[in-house]
Amino acid sequence: MDSVASTNRSPLRSTAAAAAARRSSSALPNRVAASRPGAAPGCGGAQFGKAQRLGPVRITTARAQSGNAGRSVTEERQRAMADAEILLNYSSGKAFPLGVSQVGSGLNFAIFSQHASSVTLCIKLTTRETQDEEITEIVEFALDCQKNKTGDIWHVSVEGLPTSGVLYGYRVNGPQGWGDGHRFDSNIILLDPYAKLVSGRNYFGVDNDKPSQPFGTYDFDSSPFDWGVDYQLPNLPETDLVIYEMNVRAFTADESSGLDQAVRGSYLGFIDKIPHLLELGVNAVELLPVFEFDELEFKRYPNPRDHMVNTWGYSTINFFAPMTRYASAGGGPLAASRELKQMVKALHNAGIEVILDVVYNHTNEADDANPYVTSFRGIDNKVYYMLDPNNNAQLLNFSGCGNTLNCNHPVVMELILDSLRHWYGTTCMLFSDRLLLFFL
């Protein structure tokens, strides 16, 4: 791999200017405009992470080093941020597990895309906060298809990042043949399908709350949730169940719940109403989707339902992350994860089974008439969705919601199984070992 040494002291650009630059053939130094012989665009080893600056942050140095006869490659990037410096070291990383994981002294990022020609990791960092604004930058690292790819999985290890609270996503590019089933658009930062936490809007149904762009995030700092030494599942006989189907938010969102406004419609608000469930004789709750979903899907374009919000939750953005906007007081993704577990623990301690209504047959990304690209469509549409080969590879709509997940594909099937393991696993223990409602 070629080595690069440079100093970037160019004038700051606006977000609009940066976006316009990305659309041009000479977008950013790390975005290869033309293929090298035998390499797809974005696979060149000589081009490295460029920061898209959204505030007054400078790239002071950026260099790449090769070592061990080209077998071990590390890029170092030093950035002056307010009064501190952060050094990021990049290496090839590993293919598994998918998503973000801790490896050695760094974090490993891995994402599947069979048809992509280039993948760029985008890391969003808050560099300085004031009373009126949050100044951030997005550091972009173009993965090398020779060093950062194993089979169809792109991966990179990053040292120097905080181990919680960092936002990240991917730009993915590839063939542009709509009729071949591809929907790549490298202008869009895409959500990692395996993100365990999602950061976006913090308040339910508030369409002017920024940012609305969903980013993945992670938390390796918090201690494991304390389920308690005596914690156990209720394990009630199925024949004895009295099931209350309900929506977490709608259960307590109205002021008639008598709860403080900060906890209405939240996981914590639900806990306060457990005595009411017991009075009713309920011993099992079937929760409408608690995965991260887009309640504002009706507001994307003018339509007869654009005055409404999706309160039920059948518009999944991510199959691993809890619904962020069910956290109390707009607490964000980490609070949502913690408070969901608190709710489940309290229900189980009260002898109430928890059943999750899960949706694995479609996502929030709509149809081809009104496409909404947040994740799967832009990562590998041809793999993740069922397409009609006789109609210009349009998305098939067996779900009635615009698209249909390609659940017969082994990668999609494994995604679903991984999601189930995540929610059922010992770190979550979220529902009874015998009760699960599928919508497939």
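Visitor: What makes the link between the side chains of Asn310 and Glu297 a polar contact?

Guide: This is a predicted model, where local features need pLDDT of at least 70, side-chain atom pairs count only at pLDDT 80 or more, and totals for chains, interfaces and linings use all residues. Residues are numbered from 1 along each chain as its sequence is written, and side-chain values use heavy atoms, with hydrogens and water left out. A polar contact is a pair of N or O atoms within 3.5 Å; within protein, one must be able to donate a hydrogen and the other to accept it, and residues adjacent in sequence count only if both atoms are side-chain atoms. The side chains of Asn310 and Glu297 are joined at 2.6 Å, so the contact qualifies.

Visitor: Why is Asn310 called buried?

Guide: Buried means under 20% relative accessible area, exposed over 50%, partly exposed in between (1.4 Å probe, protein chains only). Asn310 has 7% relative accessibility, so it counts as buried.

Visitor: Why is the aromatic pair of Phe291 and Trp423 called stacked?

Guide: Rings of Phe, Tyr and Trp (its six-membered ring) pair if their centres lie within 6.5 Å; planes under 30 degrees apart count as stacked, over 60 as edge-to-face and the rest as tilted. The structure holds 22 such aromatic pairs. For Phe291 and Trp423, the centres are 4.9 Å apart and the planes 15° apart, so the pair is stacked.

Visitor: And what makes the pair of Phe319 and Phe376 tilted?

Guide: Here the centres are 5.9 Å apart with 50° between the planes, so the pair falls in the tilted class. Phe319, at 1% relative accessible area, is buried, and Phe376 is buried at 0%.
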